[in-house]
Amino acid sequence: MKNIKHILVLFILVLLTACSGSETYRGDWKAINAVGEKYTVTFSENSFVVTAEDGEATTFKYTQNKVNITNGVETYGIKLDDGRNYQLNFPLADDESVGVLLDANNNVLYSISRTDYITYEDIYALK
């Protein structure tokens, strides 16, 4: 009976942790949209902040609802509190330093990089 309780507690902890953002994408990112506007995106455990060059910041609360890793390419699904769904895709196998934030229709909202502002085209040129 004691083992069952331990297993149940462990299972609940795993469920609670699965909803928070992955360590893979937490932290600061340099982001650029399709028209070349630059932003900083900062992911934390349950929210992210998009800050424009002029300093205007918008905060979004989210939960992670999907993880898919195929041939080293990682995709994380996130769902905002208002119901919108997005995907963080890291298209370079085993490289989590560049990626793209996609909307529900797979349109690129931002290309992201840990070190520099990099365009969507530049990311796919790295393949």
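The model is a predicted one. With a relative accessibility of 55%, Glu56 is classed as exposed, because the cut-off for that class is over 50%. Apart from residues within four places in sequence, the contacts of Glu56 are Val50 and Thr51. Tyr39 lies 17 residues from Glu56 in sequence, and the C-alpha atoms of the two are 9.7 Å apart.

When neighbours within four places in sequence are set aside, Asn33 contacts Tyr39, Leu109 and Tyr110. Asn33 itself occupies the loop between strand 1 (27-32) and strand 2 (38-43). The side chain of Asn33 makes a polar contact of 2.7 Å with the side chain of Glu37. Asn33 has a relative accessible area of 17% and is therefore buried, the limit for this class being under 20%.

Lys66 belongs to strand 4, which spans residues 57-70. Beyond residues up to four places away in sequence, Lys66 touches Thr75, Tyr76, Gly77 and Gln87. Of these contacts, Gln87 is 21 residues from Lys66 along the chain, with 8.7 Å between their C-alpha atoms. Lys66 is partly exposed, at 35% relative accessibility.

The accessibility values are set out below.

| Residue | Relative accessibility | Class |
|---|---|---|
| Asn33 | 17% | buried |
| Lys66 | 35% | partly exposed |
| Glu56 | 55% | exposed |

Key
Residues numbered from 1 in each chain as written. Predicted model: local features only at pLDDT ≥ 70, side-chain atom pairs only at ≥ 80, totals over all residues. Heavy atoms only, no water. Helix = DSSP H or I, 4+ residues; strand = E, 2+ residues; numbered from the N terminus. Buried < 20%, exposed > 50% of the residue type's maximum accessible area, 1.4 Å probe, protein only. Polar contact = N/O pair within 3.5 Å; in protein donor to acceptor, adjacent residues only side chain to side chain. Contact = heavy atoms within 4.5 Å.
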